Amino acid sequence: MTRRIVQFGTSRFLQAHADLFVHEARLSGQEIGPITVVKTTTGADRAGRIAAFKRARPFPVRIRGLERGRVIDETVDVASVDSAFDAESEWPDVVRVFAKEAAIALSNVGERGYDLFEGDAGYDLSSRFPPRSFPMKLLALLFARFEASGKPLLFLPTELVTGNGRVLSGLVSDLARTSEAPDSFHAWLAASVIFADTLVDRIVSAPIEPIGAVAEPYALWAIRRGGFDPPLQHPAVQVVDDLEPFERLKLHILNLGHTVLADMWMKRRLSPDMSVRAMLADAAASEQLSAIYAEEVLPGFTLQDMGGEAKSYLSTTLERFQNPFLEHRLADISQNHAAKLKNRVAAFLGWVRLRDPAFAAPRLSALL
């Protein structure tokens, strides 16, 4: 018996997150997996990864960092992936596996992965060639599953999009209407496919070639409850009623802290190779971030009745920042800095001021 998972995306994040969790669940005797990896992008990029996945051999995930003050440095040989396809050149195989074998699907297709392309609306759902965009690929695969009298499917997107399941479901439904899919398909889609909202949290710092990854010990996969059994039992997997508290903690503590440090790094014009940990070794930078957390961030969460959760998450976050094995470059974090200030800092102030319009946060306000 299998509960095959079709995974859209070859990212090192998925290798050190979902692929690892499924591997560990299978070792514990759970009926989950194996995984078929699908490369959804066009061109030669990631060709080496998909070729390595095709060999169906275990790949290393090295967990390195601090956990409650203890140094962790261990490697797991992940053996949950048993097949792989390139959608561009092996589309009929992708259709076959998705339509007839998958019980669960998941995706991690990047920040632009939900973008649509001109010509999507005119795509022939029965074509032997794949459409360009990921949402249209997914619609074509779901239509093939419908025509094959496919069983119910749980879809778990892991993109960093708020309400990612609902967003992706809406895109697929809209495309189905513009593609003139029959009413019976719309009814099947609504009744047989669950798109769950999820939130993921793990820093995966480096690849191991050709496949494999280095990751921190901390990991979270929060899945919003709704009409399905938990896909697997794992310490990092939580099925919850509401994702917003998890999103707020990650966005306004971990991500906000990264953006504050990146702002300091840019204004001081420091080394292009400077890491988060190196920045915090500077007393002035460390004191400024500590003041922002203590005097502005934690009081804001307290106003939103999340003071205890924020204090605990902050303690974990600061330990993650001090990971001696993690070289998380501020140059990478600083990309799209204006958008990150808006989403991480301005959104935090707006959220807190829903409770107290006079909430003062001079340091965070100065960043804006």
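Of the 368 residues of the protein, 53% count as buried. The coordinates are those of a predicted model. The secondary structure comprises 14 helices and 13 strands. With a radius of gyration of 22 Å, close to the 21 Å that the globule rule gives for 368 residues, the protein is as compact as a globular protein of that length. The C-alpha trace spans about 60 × 45 × 40 Å along its principal axes. Among contacts with a separation of 6 or more, 73% are between residues 24 or more positions apart.

The accessible surface amounts to about 16600 Å², and carbon and sulfur atoms contribute 51% of this area. The charged side chains number 42 positive and 45 negative, and the centres of the two sets are 2 Å apart.

**Nonpolar cores**

The largest nonpolar core has 40 residues, of which Phe-21, Leu-156 and Trp-221 touch the most other members. Helix H2 (residues 18-27) supplies the largest share of this core, namely five residues. A second, separate core consists of 38 residues, including Leu-254, Leu-280, Tyr-293 and Leu-298.

Beyond its neighbours within four places in sequence, Leu-156 is in contact with Ile-104, Ala-105, Leu-106 and Ser-107, with Ala-196 and Thr-198, and with Trp-221, Ile-223 and Pro-231.

Ile-253 is found in helix H8 (residues 244-268). Its relative accessible area is 0%, so Ile-253 is buried. Residues up to four places away in sequence aside, Ile-253 touches Arg-248, Tyr-293, Val-297, Phe-301, Ala-310, Tyr-313, Leu-314 and Thr-317. Of these, Tyr-293 is included in the second core. Ile-253 and Leu-298 are 45 residues apart in sequence, and their C-alpha atoms are 8.9 Å apart in space.

In helix H4 (residues 91-100), the buried residues are Trp-91, Val-94, Val-97, Phe-98 and Ala-99.

Thr-40 occupies the loop between strand S2 (35-39) and helix H3 (47-54). Thr-40 counts as buried because its relative accessibility is 12%, and the cut-off is under 20%. Apart from neighbours within four places in sequence, the contacts of Thr-40 are Phe-8, Ala-87, Val-109, Phe-134 and Lys-137.

**Backbone features in loops**

| Cis peptide bond | Omega | Loop holding the proline |
|---|---|---|
| Gly-33 to Pro-34 | about 5 degrees | between H2 and S2 |
| Glu-209 to Pro-210 | near 0 degrees | between strand S10 (204-207) and strand S11 (213-215) |

Positive phi angles are a further backbone feature. Ala-56, although not a glycine, has a positive phi of about 55 degrees. Ala-56 belongs to the loop between H3 and strand S3 (59-67), and its relative accessible area of 36% makes this residue partly exposed. Ser-149, likewise not a glycine, has a positive phi of about 55 degrees. Ser-149 sits in the loop between H5 and S7, and with a relative accessible area of 64% Ser-149 is exposed.

How values were computed: Residues are numbered from 1 along each chain as its sequence is written. This is a predicted model: local features need pLDDT of at least 70, side-chain atom pairs count only at pLDDT 80 or more; totals for chains, interfaces and linings use all residues. Side-chain values use heavy atoms; hydrogens and water are left out. A nonpolar core is a set of buried Ala, Val, Leu, Ile, Met, Phe, Trp, Tyr and Cys residues joined through side-chain atoms within 4.5 Å. Buried means under 20% relative accessible area, exposed over 50%, partly exposed in between (1.4 Å probe, protein chains only). Helices (H or I, at least four residues) and strands (E, at least two) are DSSP runs, numbered from the N terminus. Contact means heavy atoms within 4.5 Å. The radius of gyration is taken over C-alpha atoms; the globule rule is 2.2 Å times the number of residues to the power 0.38. Accessible areas come from the Shrake-Rupley method with a 1.4 Å probe; for residues, only the protein chains shown count as cover. Lys and Arg count as positive and Asp and Glu as negative; His and the chain ends are not counted. The place of a charge is taken as NZ of Lys, CZ of Arg, CG of Asp or CD of Glu.
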